[in-house]
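Welcome! Let's take a friendly walk through a protein structure, one spot at a time.

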Amino acid sequence: MTIPTLAAQDGTTIPAIGLGTYRLQGEEGADAVARAIDAGYRLVDSAFSYENEGAVGAAVRRSGVAREDVLVTSKLPGRHHAHDDAVRTVEESVLRTGLDYLDLYLVHWPNPRVGRYVEAYEALVECRDRGLVRHVGVSNFLPEHLDAVIAATGVTPVVNQVELHPYFPQPLQRAADAERGVVTEAWSPIGRANDLLRDPVVTQVAAAHGVSPVQAILRWHVQLGVVPLPKASSPERQRENLDVFSFELTTHEMNALTGLARADGRTNGQDPAVYEEL
Ligand SMILES: NC(=O)c1ccc[n+]([C@@H]2O[C@H](COP(=O)([O-])OP(=O)(O)OC[C@H]3O[C@@H](n4cnc5c(N)ncnc54)[C@H](OP(=O)(O)O)[C@@H]3O)[C@@H](O)[C@H]2O)c1
């Protein structure tokens, strides 16, 4: 299956959907990720903290797809925001994958109370200039965090990966990313398969198109111009989640799904203004 792409402001093409890999680890994880790549995924999300960069790198090598055709992402943990730590962490990520370079490297959380995310981002830009990573980006950045790193480096993050699903559709953050030319990626795009999948609005939209609730939600992301990163272990679910490009939701259905927004619809209450992940 060929996945459509989005154009980032620096000319990078980003697949319209990617694979989440949190908890896909070891041999089983490597096989699962390799199967996903062979099934058509061309964007794989990982992080230093997921302890699976080795499995992801092995998967890229095990798959039948050329290295340059897969965008491999990792992320810098909060405990390594200091410049030298950040550089060593990126070097370690690249070594762990066994690949020559990573495609996207993101500051995982801004951790504003610690206040070193600008320094961390500067280190990532340096790693990009050394060829360790192709593109730099951020995750869980609020608009003021985006402005701070852009002002300090003149380098606009390619992506901002944030929590985003119908219970938490983030219209303001999406607009802020778009205004700055940043592609929004969605983590926990299906709400970690919680109640959202049984919500009557979701099941009705899905039934109208003869697709699953998960497919309806992922299609909603695609039509918003957001890149969802659903995590799935089995080949069946991986293929199901990729199969969202042959139907289209109506404006009414799009609005109905966005209308499921809850005041705090986050799955786990992780507000980047105060949440700290070290
Ligand atoms: N940047 C950040 O701070 C951050 C935070 C959280 C997550 N992430 C990234 O985003 C990715 C996705 O988020 P997530 O893993 O939290 O949640 P998610 O993708 O919304 O949901 C994953 C859950 O949905 C299940 N699932 C997948 N496809 C399904 C289908 N077709 N039908 C029914 N259930 C299905 C999975 O089951 P199985 O596992 O059994 O297949 C898993 O339990 C992560 O893996 C990670 O890469 C980033």
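Leaving aside residues up to four places away in sequence, Asn140 touches His108, Trp109, Pro110, His145, Asn160, Gln161, Val162, Glu163, Trp187 and Pro272. Keep in mind that this is a predicted model.

Where does Asn140 lie? You will find Asn140 in the loop between β6 (133–139) and α5 (143–153). Asn140 counts as buried because its relative accessibility is 4%, and buried means under 20%. Its side chain also reaches the backbone oxygen of His108, at 2.9 Å.

## Helix α1

Now look at α1, which covers residues 26–39. Just after α1 comes Gly40, which takes a positive phi of about 135°.

Which residues of α1 are buried? They are Gly29, Ala30, Ala32, Val33, Ala34, Ala36 and Ile37. Among the elements that cover these buried residues are β3 (43–45), α2 (53–62) and α9 (235–242). An α-helix has 3.6 residues a turn, so residues three or four places apart point the same way.

## Around the ligand

Finally, find the ligand. There are 27 residues around it, and those that come nearest are Asp45, Ser188, Arg192, Lys231 and Ser233.

A polar side-chain atom of Lys231 lies 2.4 Å from an oxygen atom of the ligand. The backbone takes part in the picture too: a backbone N or O atom of Pro189 lies 3.3 Å from a ligand oxygen, and a polar backbone atom of Gly191 is 3.4 Å from a ligand oxygen. On its own the ligand has 920 Å² of accessible area, and the protein covers 86% of that.

Definitions and conventions
Residues numbered from 1 in each chain as written. Predicted model: local features only at pLDDT ≥ 70, side-chain atom pairs only at ≥ 80, totals over all residues. Heavy atoms only, no water. Helix = DSSP H or I, 4+ residues; strand = E, 2+ residues; numbered from the N terminus. Expected span 1.5 Å × (residues − 1). Buried < 20%, exposed > 50% of the residue type's maximum accessible area, 1.4 Å probe, protein only. Contact = heavy atoms within 4.5 Å. Near = heavy atom within 4 Å. Polar contact = N/O pair within 3.5 Å; in protein donor to acceptor, adjacent residues only side chain to side chain. Areas by Shrake-Rupley, 256 points an atom, 1.4 Å probe, with all protein chains shown as cover.
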